Amino acid sequence: MSKQNKGSFHRFMMGKGFYVALAVCLAGAGTAAWVTVNSTIDKIESPLSPTPPVAQKEDSGMENPGSPLSAPEKKEPAALGESIASVGEKKEDVKKPSSSEKKPSDKKPSGDSSKKPQPSSNSSSSAKEFSASVQPSEQQKQPAKSQTSSFALPLDTKVMAPFSGDKLVENTTLKDWRTHNGIDLKASKGDSVKSANEGKITGISFDPLWGTTVEVSSGDLVMTYCGLSEKVNVKMNDTIRAGEIIGTVGEIPCELALEPHLHFTVKEKGVFIDPLSLLS
């Protein structure tokens, strides 16, 4: 290079040329860095992307490049195929059981398969307790003895006056109308009066209208024998059996106009009922 050229170059570098050269160098360095980074990113993303690049789809000329049914078959890049193969190998590794895992045995259990497993002692005992609680007791199986199973009229005679209930009947002795809450059994003075049912003596008294009365309670039933003689064969709180003699027939002050008889009433839960309804 001649001295004149060297001088021109020197002046160029000392002026604007220096900045131009610096700009060119920076541009080249930036371009090289961008190319390096872009190629590195492509290498990183290409193994992870299962689909071909968009540029290849656009080159295929398909109207709907995103449709998996209409896209033509393409050979994938070698790097992509290798990455997919590696992923497939990893999946197979996960699905395959290790040699240490035991496979379920196809062999049937030994012994007779028709035999049912025997329950443990605890289950059998609990089953017994359950069945015992379900099955009724002997008392539940057998019906309770009826209070009227042995009921019978206190005199083996005919009924002179029936039970009237709510209907008013004339009392010929008192000359009025009233309900007849019992039955009148024809009798003679001194005839024995039997207990119509088993029970307990809960009352012995003399009533101005009904004479000497004896009350016998049997469960929900209260039986009253009216018109007895003064002397009776029972005492308070005695337990009496059905058919046992209570006393004898006497007089009934409010029914003296009638023939001698026994006035017999029965209450069930505090309500007068017809004694004949208890006969079986």
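Student: Why is Phe18 called partly exposed in this predicted model?

Tutor: Phe18 has a relative accessible area of 43%. Partly exposed covers the range between the buried limit, under 20%, and the exposed limit, over 50%. The value for Phe18 falls in that range, so Phe18 is partly exposed. Phe18 is part of helix 2, residues 16-45.

Student: What makes Phe18, Tyr19, Leu22 and Leu26 a nonpolar patch?

Tutor: A patch takes residues with over 30% relative accessible area and no salt bridge, and nonpolar side chains are joined within 5 Å. Phe18, at 43%, is over that limit. Together Phe18, Tyr19, Leu22 and Leu26 have about 460 Å² of accessible area on the surface.

Student: What makes Asp176 and Arg178 a salt bridge?

Tutor: The closest N and O atoms of Asp176 and Arg178 are 2.6 Å apart. The cut-off is 4 Å, between a side-chain nitrogen of Lys or Arg and a carboxyl oxygen of Asp or Glu. The pair is within the cut-off, so it counts as a salt bridge. Side chains of opposite charge can pair when their charged atoms come close.

Student: Are Asp176 and Arg178 buried, partly exposed or exposed, and how do you know that?

Tutor: Asp176 has a relative accessible area of 23%, and Arg178 has one of 29%. Buried would need a value under 20% and exposed a value over 50%, so partly exposed is the class for Asp176 and for Arg178.

Student: Why is the pair of Lys186 and Glu259 called a salt bridge?

Tutor: Its closest N and O atoms are 3.8 Å apart, and the rule asks for a distance within 4 Å, so the pair qualifies. Lys186 is partly exposed at 33% relative accessibility, and Glu259 is partly exposed at 47%.

Student: What makes the phi of Lys175 and of Lys269 worth a remark?

Tutor: Most residues other than glycine have a negative phi. Lys175 has a phi near 55°, a positive value in a residue other than glycine. Lys269 also has a positive phi, near 55°. Lys175 is placed in the loop between strand 2 and strand 3, while Lys269 is in the loop between strand 11 and strand 12 (271-273).

Student: Why is Lys175 called exposed?

Tutor: Lys175 has a relative accessible area of 66%, and exposed means over 50%, so the term applies. Lys269, with a value of 66%, is exposed by that rule.

Student: How do you know that Thr173 is partly exposed, and where is it?

Tutor: Its relative accessibility is 26%, between the limits of 20% and 50%, so Thr173 counts as partly exposed. Thr173 is in the loop between strand 2 and strand 3. Thr173 and Leu256 are 83 residues apart in sequence, and their C-alpha atoms are 6.3 Å apart in space.

Student: What lines the largest pocket?

Tutor: The lining has 28 residues, and His180, Asn181, Trp210, Glu255 and His263 lie nearest the centre. Strands that each supply at least two lining residues include strand 2 (168-171), strand 3 (176-179) and strand 11 (261-268). Strand 11 gives the largest share, four residues. The space in this pocket is about 540 Å³.

Student: How does the lining of the largest pocket divide by residue type?

Tutor: The lining divides into nine nonpolar, twelve polar and seven charged residues.

Methods:
Residues numbered from 1 in each chain as written. Predicted model: local features only at pLDDT ≥ 70, side-chain atom pairs only at ≥ 80, totals over all residues. Heavy atoms only, no water. 1 Å grid on protein atoms, 1.4 Å probe; cavity = no way out; pocket = protein on both sides within 12 Å on 5 of 7 lines; lining within 4 Å. Points joined across faces, edges and corners; volume = space filled by probe spheres on them. Nonpolar A, V, L, I, M, F, W, Y, C, P; charged D, E, K, R; others polar. Patch = residues over 30% accessible without salt bridge, like charges linked within 9 Å, V, L, I, M, F, W, Y side chains within 5 Å. Areas by Shrake-Rupley, 256 points an atom, 1.4 Å probe, with all protein chains shown as cover. Buried < 20%, exposed > 50% of the residue type's maximum accessible area, 1.4 Å probe, protein only.
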